[in-house]
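Hi,

Here is the structure I promised to send over. Have a look at it first, and my notes follow below.

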Amino acid sequence: MRYISSGHSHGEQITIIIEGIPSNLSIDIKKINEELKKRQKGYGRGQRMQIEHDQAQILSGVLFGKTTGAPIAVVVKNKDYQFHLQYMEPFAHDLTNYNPIKVPRPGHADLVGAIKYNFRDMRLVFERASARETVSRVVVGAICKQILALLNIETLSYVKNIGGISCKIDFDKTYIEKSLVSMPSKTASEKAMELIDETMLKRDTLGGICQVEVNNVPVGLGSFVTDETKLDAKIASSVMSIQSCKGVEFGDGFELSNYFGSQAHDEISYEDGFTRQSNHYGGFEGGMTSGMPIILKAVFKPIPTLMQPLQSVNIDTKAKTASHIERSDVCVLPAAAIICEHTVAIEITKALITQFTSDTIEQLIDAVFNYQKYTKRF
Ligand SMILES: Cc1cc2nc3c(=O)[nH]c(=O)nc-3n(C[C@H](O)[C@H](O)[C@H](O)COP(=O)(O)O)c2cc1C
């Protein structure tokens, strides 16, 4: 299974083509749109999210509500396009009131992208580098989650830390949906929202950490046989490719450097099949799922666009100047958590579809359930 997306942040639409989804999968479009809505919410988002009301429109690859096995084409319109039409239309020629952006923002893709592609206007970089692209990951991930649900595989995501505020007390996963910052703690949510307000007043931005959990994954997805087949590496690579993600860890991750081996390894026991007494490795051994829940954390840096701009240089005059200001978010961690969850769902679905017979959804379900019976008997 693979997908490709095309689209600009302020262009007409994001277009997505997905190939390799088994036939006969009933598609619940409402669920896709619910996930898109979750990507847009969160305390600390900018005005853009008040304009956009993302709705996926499936154009082909689905008939009578079910996948046909052919490539699926999906579009999500950008409502913001109407305000940028004059220059965002692909063959725009009336540029009388258009000002090219000459000053790159530190932390964004602006400068390096302009050098690499020989652009004299930063817009040509950030229109694609922007996280608007993650709409495509959520659409594809939402379809994948519909496959995973049929296999009883559940995904969950939440925000663990915003600007150093973490969920140390009153940890309660049922609070995630209620929290405006998607944190599983009322105390941490309130503190994080206060910090976001203060940060906005200071015209600054915040980063943080999100966590994804996947339960009931069959043991042995992925493989140890080559670097390319290791599933933890594939998931890490995909999550790292999300805009502003700066690190990924599984299980206890970097903390493992402080453990002795006797404290680190997940001891093996047998209760109606093989299991582990702990999950320090976050569900992976040898690049394969261990059967324990997948636990992934990802760290997101503070958003590059600041309302109190940092120092930069005009690419034409080479004069020192304040960097470009573009309407921006203060904190995107709730959205980042949803994007991470869908990215992980995509990689797990790809692994399942690669490993098991999957022309039809019925074949995939049969193959996975038979394999799970075998792993229980082993
Ligand atoms: C959901 C989400 C929303 C984002 N919104 C903004 C934004 O409003 N302004 C901004 O400067 N960067 C934003 N970013 C981050 C930039 O897109 C990102 O830092 C930039 O593309 C450079 O990529 P890198 O940080 O991975 O190096 C956002 C990232 C995510 C995940």
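The side chain of K301 puts an N or O atom 2.7 Å from an oxygen atom of the ligand. Bear in mind as you read that this is a predicted model. With S244 it is the backbone that comes in, one of its N or O atoms lying 2.9 Å from an oxygen atom of the ligand. On its own the ligand has 630 Å² of accessible area, and the protein covers 86% of that.

As for the rest of the site, 19 residues surround the ligand, and S244, K301 and T305 are among the closest, along with S328 and D329. Sorted by class, that shell comes out as eight nonpolar, six polar and five charged residues.

The other thing I looked at is R39. You'll find R39 in helix α1, which runs over residues 29–40. Is R39 buried or exposed? R39 has a relative accessible area of 2%, so it counts as buried, the cut-off being under 20%. And what does its side chain meet there? A polar atom of the R39 side chain lies 3.4 Å from the backbone oxygen of A131. One more distance, in case you want to orient yourself: R39 and V74 are 35 residues apart along the chain, and their C-alpha atoms are separated by 17 Å.

Over to you,

Conventions: Residues numbered from 1 in each chain as written. Predicted model: local features only at pLDDT ≥ 70, side-chain atom pairs only at ≥ 80, totals over all residues. Heavy atoms only, no water. Near = heavy atom within 4 Å. Polar contact = N/O pair within 3.5 Å; in protein donor to acceptor, adjacent residues only side chain to side chain. Areas by Shrake-Rupley, 256 points an atom, 1.4 Å probe, with all protein chains shown as cover. Nonpolar A, V, L, I, M, F, W, Y, C, P; charged D, E, K, R; others polar. Helix = DSSP H or I, 4+ residues; strand = E, 2+ residues; numbered from the N terminus. Buried < 20%, exposed > 50% of the residue type's maximum accessible area, 1.4 Å probe, protein only.
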